[in-house]
Amino acid sequence: MGLLSAFQLIVKRDLLLAFRRRAEIVNPLIFFLLVASLFPLGITPERKMLALIAPGVIWVAALLAVMLSLDQLFKHDYDDGSLSLLVLSPVPLFWLALAKVLVHWLVSGALLLLFAPILALMLHLPDAAWWPMLASLLLGTPLLSLIGAIGAALTVGLKKGGVLLSLLVLPLNIPVLIFGSGAVIAATQALPYEGQLLWLAVLLVLGITLAPFAIAAGLRISVSE
Amino acid sequence: MKWTWFHRLGSPKWFFEKSGKWLPWLAWVSIGLLTTGVVWGLAFAPPDYLQGNSYRIIFIHVPSAFLAQACYVTMAVAGAVGLVWKMKLADMAAKCCAPIGASFTILALLTGAIWGKPTWGTWWEWDARLTSMLILLFLYLGFIALESAIDNVQTAAKACAVLALVGLVNIPIIKYSVEWWNTLHQPATLKLTEKPSMAPEMLVPLLICIAGFYCFFLVVFLYRLRNEILWRERRTQWVRLWMKRFQ
């Protein structure tokens, strides 16, 4: 089987599976909205203050929502044995891993992008920061999926991997958070934000090229257990 | 070139015997260096023209920050060697490095906070160098947590090695954070390629302290490693014979 057709097959299969388990897609989205709406209640509903913290709140909420869906990324495949088959297949594992991460991003990070404007509205994010927010999320959320998948691959065989997964992945996500919210903050202050976006793009290119190998190594280790 | 030494190094038994002979020497050297460096630095080095006596914590802070990063690199390299050449000893070395590295990171953060109070007027600042050191601590803690979560020793070593290699990206971020971002933290005091900006009366005790910390690390590391070797090889003949001497 060719590389491209294998890629397409995995993407199709995983998308189908994802839409059969709709709750797993919807829950992180609700969580995203819920976490962000806690801040006006917890800190202050005052307009100015909210506009100030909005970039960070949106980014942290996105990070946590992606985190939440990571646990299930390889779990079902591991439980029903299809992960072993993927590992044994003649198609390079890093390639298949990349396909799975793409689907994970489509049903987590990319969907969050659709809801981010609602949050921006609720938190009174200045108009000038809207496009930088969407651009930073567009570049940053695939990175969250890529980095997170490394952790998910390493912990998939463990019974209680959830908390451990966040412990492993969150520190690695911090640079993404810094550049992502940094771009939005710069935009709210009418400063140039292209630098942070370019950094995110650099990290994304690095992530796409290197992370699949780490994910594949992690999956091999977990499956051989 | 003969590679037999490399393979012999991978044999736990051979390493255990050899390191037993190195340990007393290393311990004495590290005690000597640390006492000289610390006493010289804290009592005899001249006060700084700007910071007075408060700068003296540099003799603890800088070496521990060095070691915090060096430990992580050692851990990642040992992990990679374990992954590639499947050497048992390398797996054990990576595992033994983590708690020591975490301790040095905590020491660097604490001494940094103590130094920050008189010079910056604050215990903690969210500046790039400090934040990236905090991330380093979290990486160590994640490594230790993953190691203890997986029961199978070999699987744990492999998984941890992958994690350590991924986390390696943080090291250049720490290293260059003070140059890339204009933050509160002062730029590096010591550089290999440039003439040091410190007066020799301060530089020499600092270098002695750094050498002392490295030796101290080696001593603690070897102790942990020898302990780990005995535990993992506890069912072999040579460990049983060795343990008999203490009964």
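Let's start inside chain A: helix 6 (residues 93-107) and helix 7 (residues 109-122) of chain A pack at about 20 degrees, with axes 3 Å apart. Axes here are lines fitted to C-alpha atoms over the stretch in contact, with angles from 0 to 180 degrees between N-to-C directions. Helices are DSSP runs (H or I, at least four residues), numbered from the N terminus. Because angles under 35 degrees count as roughly parallel, helix 6 and helix 7 of chain A are roughly parallel to each other.

On helix 6 of chain A, the contact (heavy atoms within 4.5 Å) uses A:His104, A:Trp105, A:Leu106 and A:Val107, and on helix 7 of chain A it uses A:Gly109, A:Ala110 and A:Leu111.

A word on the model: it is predicted, and local features need pLDDT of at least 70, side-chain atom pairs count only at pLDDT 80 or more, while totals for chains, interfaces and linings use all residues. Residues are numbered from 1 along each chain, chains are lettered from A, and side-chain values use heavy atoms, without hydrogens and water.

Now the interface. Chain A gives 17 residues and chain B gives 19. The buried area, meaning accessible area (1.4 Å probe) lost on putting the two together, summed over both, is about 1600 Å², with 87% from carbon and sulfur atoms. A:Leu154, A:Leu172 and A:Ile221 supply 31% of what chain A buries against chain B, more than any other three residues.

Helix 9 of chain A gives the most, eight.

Note on methods. Helix = DSSP H or I, 4+ residues; strand = E, 2+ residues; numbered from the N terminus. Parallel < 35°, antiparallel > 145°, perpendicular 65-115°, else oblique.
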